[in-house]
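Open the model in your viewer and keep the selection tool at hand. Each stop below says what to select and what is there.

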Amino acid sequence: DEGKQYSPATHAADLAAFIAGLKSGPVHLVGLSYGGALAALVAVKQPELIRSLTLAEPALFGILADLPEGKAALESWTTGAAPMQAALKKGDAVEATKLLSGLVNGEPAENFDKLPPALRQMLLDNARTLPLLFAAPPESVTCDALGTIKTPTLVIRGANSPLIFSKTNEVVARCISGSESIAIPEASHVMSYQNAAAFNQALLRFVQKHRGGD
């Protein structure tokens, strides 16, 4: 359609349906950024689908709204996102994508052209969805909701990521009792590209620990 169904609720439901459709038992679910928010939604609503959960800088910024220590992070994000929002208002989704890439990685937008080719192309292919993403109704996930997650959880971040992500990770890890936390060195938001070796090592170690009867 024209995007009327574009929302975290729709995408989380799609993800849950896809997992269920695999018919291969609980899965090891890994989500980065917006994908991390969707993974958290599935873990809250349908925990039986998940064997282990990895949240890589999940976009759950709303969890900071009522916390005094979250104010600076949210203000920094809002200020930093202003040029991207202006580009969206002008209808320039490609420019908005470049600005967003710089914002989440804590670097100039001009560095977009230095991204790995596959990542750069993926972002450009999906630039048209950016207006829908920021216009979609938010799906709030509270600390209490995260506290219901009993699935083994790894909360992972880039050591050089902007404040909004490090603070969100800190709160998410605190809300999910028993979760593990790790920072990937020499990486920021797209850590799985920027330091793939360290990211994969941490992820595979965690998954191996929670393989169950595989």
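Select Arg174 and Glu170. They form a salt bridge, with the closest N and O atoms 3.7 Å apart. The term means a side-chain nitrogen of Lys or Arg within 4 Å of a carboxyl oxygen of Asp or Glu. The two residues are four apart in helix H8, so about one helical turn separates them. Helices here are DSSP runs of H or I with at least four residues, strands are E runs of at least two, and both are numbered from the N terminus.

This is a predicted model, in which local features need pLDDT of at least 70 and side-chain atom pairs count only at pLDDT 80 or more, while totals for chains, interfaces and linings use all residues. Residues are numbered from 1 along each chain as its sequence is written, and side-chain values use heavy atoms, with hydrogens and water left out.

**Along helix H8**

Lys167 and Glu170 sit three residues apart in helix H8, so the separation is about one helical turn. Now colour by accessibility. Lys167 is buried at 14% relative accessibility, whereas Glu170 is partly exposed at 39%. Buried means under 20% relative accessible area, exposed over 50%, and partly exposed in between, with a 1.4 Å probe and protein chains only.

Glu69 is partly exposed at 33%, and Arg174 is partly exposed at 47%. Show Glu69, Lys167, Glu170 and Arg174 together: salt bridges link them in a network. The structure holds four salt bridges.

Next, select Cys175, also placed in helix H8. Its relative accessibility is 9%, so Cys175 counts as buried. Which residues does Cys175 contact, leaving aside neighbours within four places in sequence? They are Ile63, Cys143, Leu146 and Gly147. Contact means heavy atoms within 4.5 Å. Draw a distance from Cys175 to Gly147: their C-alpha atoms are separated by 5.3 Å, with the residues 28 apart along the chain.

**The ring cluster**

Select the aromatic side chains. Rings of Phe, Tyr and Trp (its six-membered ring) pair if their centres lie within 6.5 Å; planes under 30 degrees apart count as stacked, over 60 as edge-to-face and the rest as tilted. By this rule there are three aromatic pairs. Zoom in on Phe61 and Trp77. Their centres are 5.0 Å apart and their planes at 65 degrees, so the pair is edge-to-face. Phe61 lies in the loop between strand E2 (50-56) and helix H3 (71-89), and Trp77 in helix H3, so the pair ties together parts 16 residues apart in sequence. Phe61 is buried at 15% relative accessible area. Trp77 is buried at 15%.

Trp77 and Phe165 make an edge-to-face pair, 6.3 Å centre to centre and 75 degrees between the planes. This pair also joins distant parts of the chain: Trp77 in helix H3 and Phe165 in helix H8 (residues 163-175), 88 residues apart. Phe165 is buried, like Trp77. Ring pairs link Phe61, Trp77 and Phe165 into a cluster.

**A buried charge**

Select Glu57, in the loop between E2 and H3. Glu57 touches several residues beyond four places in sequence, including Ser33, Arg157, Phe165 and His189.

**Strands E1 and E2**

Last stop: strand E1 (residues 27-32). Val27, Leu29 and Gly31 make its covered face, and His28, Val30 and Leu32 its uncovered one. In a regular strand the side chains alternate between the two faces of the sheet. Leu32 has Ala56 as its bridge partner in E2.

Definitions and conventions. Two strands pair if DSSP finds at least two bridges between them.
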